[in-house]
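Below are some notes for a colleague who has the coordinates open.

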Amino acid sequence: NNDGFPEIILGGTNNGTDGPCLVVFDPFNVGGSSPQETEDYRLQGFSPGTELYYLRLPRTDVDIILNAREVAIAKKPLKNNLIPVVMQQSGLEYYFDFKMECKSIINTDVFRQRHGEKKRDGYVNSTLDEDYFNRLQDNILYYNGVSWTKTPTKVNHNVINR
């Protein structure tokens with residue numbers, strides 16, 4: 001956020017959903033476990049995580065058909081202060097600002113090819129249009145310390161209830 005201390009931005013998979021996640025930490029305060037909706041995936045004996053942001057990105061019909069856990073791969077912020085995040089399975093690219101608001105989703109050649117193959121084989125019937133990408137963007141979830149919200153928000157560590 002240009003405060004002189006680079007945050008740690010990690011991409012990965014949320015075990016509870018098999019979907020991609022994105023986590024942002026203060027480099028001087030990294031610890032704890034991630035928010036999970038069920039006990040099956042909560043790390044026993046760990047305090048709640050110290051993350052500044054925890055986002056769950058939506059799965060696509062393509063990565064679900066591929067029967068793959070989708071993994072978010074965070075990249076170094078660009079000079080325009082956008083953070084690129086690439087999906088390992090689908091190849092989609094998300095771009096976030098420093099408040100972790102999604103500014104765009106790019107339909108890559110890899111995703112078009114995978115979607116086209118699955119559509120041709122009859123596994124998906126979606127159309128890659130503006131509505132498709134708007135739905136993905138609208139279904140990004142942010143953990144606020146108590147629950148999941150579609151509003152870009154930091155984790156409030158004063159109210160964490162895990």
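1. A residue counts as buried when its relative accessible area is under 20%, as exposed when it is over 50%, and as partly exposed in between. The model under discussion is a predicted one. With that cut-off, strand E3 (residues 53-56) has Tyr53 and Leu55 pointing one way and Tyr54 and Arg56 the other way, and all are buried. In a regular strand the side chains alternate between the two faces of the sheet.

2. Which strands does E3 pair with? One partner is E2, joined to E3 in the antiparallel sense over 4 bridges. Within this pairing, Val23 has Tyr54 of E3 as its bridge partner. Strand E8 (residues 141-143) also runs antiparallel to E3, and 2 bridges join them. Here Leu55 stands opposite Tyr142 of E8.

3. An open sheet of 4 strands has the order E4-E5-E6-E7, and its pairing is antiparallel. Strand E4 (72-74) and strand E7 (102-106) each have a single partner strand, so they stand at the edges, and one side of each is left without a neighbour in the sheet. On average, neighbouring strands of this sheet are turned by 25° against each other, direction ignored.

4. At the E4 end of that order, E4 pairs with strand E5 (residues 83-87) in the antiparallel sense over 3 bridges. Ile73 has Val86, in E5, as its bridge partner.

5. Helix H3 (residues 130-138) lies across strand E6 (93-96) and E7. Relative to E7, the helix H3 runs at about 135°.

6. Asp18 has a positive phi, near 60°. Asp18 is found in the loop between strand E1 (8-14) and strand E2 (19-25), and is partly exposed, with a relative accessible area of 29%. Asn81 also has a positive phi, of about 65°, although it is not a glycine. The place of Asn81 is in the loop between E4 and E5, and Asn81 is partly exposed at a relative accessible area of 33%.

7. How many disulfides does a search of the whole structure find? The search finds 0. A disulfide is a covalent bond between the sulfur atoms of two cysteines. The pair of sulfur atoms would have to lie within 2.5 Å to be counted. For Cys21, the closest cysteine sulfur is that of Cys102, at 15 Å, which is too far for a bond. Seen from Cys102, the closest cysteine sulfur is in Cys21, again at 15 Å and too far for a bond.

8. Are these cysteines buried or exposed? Cys21 is buried, with a relative accessible area of 6%. Cys102 counts as buried too, at 5% relative accessibility.

9. Not counting residues up to four places away in sequence, Cys102 touches Tyr94, Tyr95, Phe96, Gln137, Ile140 and Tyr142. The C-alpha atoms of Cys102 and Pro152 are separated by 8.5 Å, and the two residues are 50 residues apart along the chain.

Conventions. Residues numbered from 1 in each chain as written. Predicted model: local features only at pLDDT ≥ 70, side-chain atom pairs only at ≥ 80, totals over all residues. Heavy atoms only, no water. Pairing = 2+ DSSP bridges. Axes fitted to C-alpha atoms, helices over the stretch in contact; angles between N-to-C directions. Contact = heavy atoms within 4.5 Å. Buried < 20%, exposed > 50% of the residue type's maximum accessible area, 1.4 Å probe, protein only.
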